[in-house]
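Please open the structure in your viewer and keep the selection panel at hand. The tour below goes from one selection to the next and says what can be found at each stop.

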Amino acid sequence: MTQLKDKPLIGITVNNPDYAKAYADLIERHGGQPWLILPDHDMPPEETLSRLDGLLVCGGEDIHPRWYGEEPEPGVELVLNEARDAVELPVL
């Protein structure tokens, strides 16, 4: 993705492009250039961050407890997206 010189590049972490549309539209409306960071994003976190002027972390599924040194509690139902965790958390 090529950044336009006069527009700040704002990364949006999200599961699918349809969910990000409203966020992307707002960023564009206010002079920014949105860049979707999806679960299949394969750029190293350092390179991703070096390109961004800002980062919007959208809501979504639960973060897998192993990212903070725990395992899921028995009987607790979590909605997980481990592919997104693997991309989003290192960027954070």
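What follows starts with the whole chain and then moves to single residues and pairs.

**Before selecting anything**

This is a predicted model, in which local features need pLDDT of at least 70 and side-chain atom pairs count only at pLDDT 80 or more, while totals for chains, interfaces and linings use all residues. Residues are numbered from 1 along each chain as its sequence is written, and side-chain values use heavy atoms, with hydrogens and water left out.

**The whole protein**

Show the protein as a cartoon and follow the chain from its N terminus, along which the elements run β-α-β-α-β-α. The secondary structure comes to three helices and three strands; here helices (H or I, at least four residues) and strands (E, at least two) are DSSP runs, numbered from the N terminus. The C-alpha atoms fill a box of roughly 50 × 25 × 15 Å, taken along the principal axes.

Of the 92 residues, 32% count as buried, where buried means under 20% relative accessible area, exposed over 50%, and partly exposed in between (1.4 Å probe, protein chains only).

**The nonpolar cores**

Select Ile10, Ile12, Val14, Ala20, Ala24, Ile27 and Cys58, which make up the largest nonpolar core, seven residues in all. A nonpolar core is a set of buried Ala, Val, Leu, Ile, Met, Phe, Trp, Tyr and Cys residues joined through side-chain atoms within 4.5 Å. The elements that give two or more residues to this core are β1 (9–13) and α1 (17–29), and α1 gives the most, with three residues. Apart from this core lies another one, of six residues, among them Leu9, Trp35, Met43 and Leu52.

Next, centre the view on Ile27 of the largest core. Leaving aside neighbours within four places in sequence, Ile27 is in contact (heavy atoms within 4.5 Å) with Ile10, Ile12, Gly32, Gln33, Pro34 and Leu56.

**Thr13 in strand β1**

Move along to Thr13, which has its place in strand β1. Is Thr13 buried or exposed? Thr13 counts as buried because its relative accessible area is 2%. If residues up to four places away in sequence are not counted, Thr13 touches Ile37, Leu55, Leu56, Val57, Cys58, Arg84 and Glu88.

**Helix α3**

The last two of those partners, Arg84 and Glu88, lead on to helix α3 (residues 82–91), where they are separated by about one helical turn because they are four residues apart. Glu88 forms a salt bridge with Arg84, the closest N and O atoms being 3.0 Å apart; a salt bridge is a side-chain nitrogen of Lys or Arg within 4 Å of a carboxyl oxygen of Asp or Glu. Side chains of opposite charge can pair when their charged atoms come close.

Both Glu88 and Arg84 are buried, and the buried residues of α3 are Arg84, Asp85, Val87, Glu88 and Val91. To see what covers these residues, show the elements that include β1, β2, α2 and β3 (54–57).

**Two further salt bridges**

How many salt bridges does the structure hold? There are four, and one of them joins Lys21 to Asp25, with the closest N and O atoms 2.9 Å apart. Lys21 and Asp25 both lie in helix α1, four residues apart. Lys21 counts as partly exposed at 49% relative accessibility, and Asp25 is also partly exposed, at 28%.

Then select Glu47 and Arg51 in helix α2, which are four residues apart, about one turn of the helix. Their salt bridge has its closest N and O atoms 2.8 Å apart. Glu47 is partly exposed, with a relative accessible area of 32%, and Arg51 is partly exposed at 33%.

**Last stop: His41**

Finally, select His41 in the loop between β2 (33–37) and α2 (45–51). His41 counts as buried because its relative accessibility is 16%. Not counting residues up to four places away in sequence, His41 touches Trp35, Thr48 and Val87.
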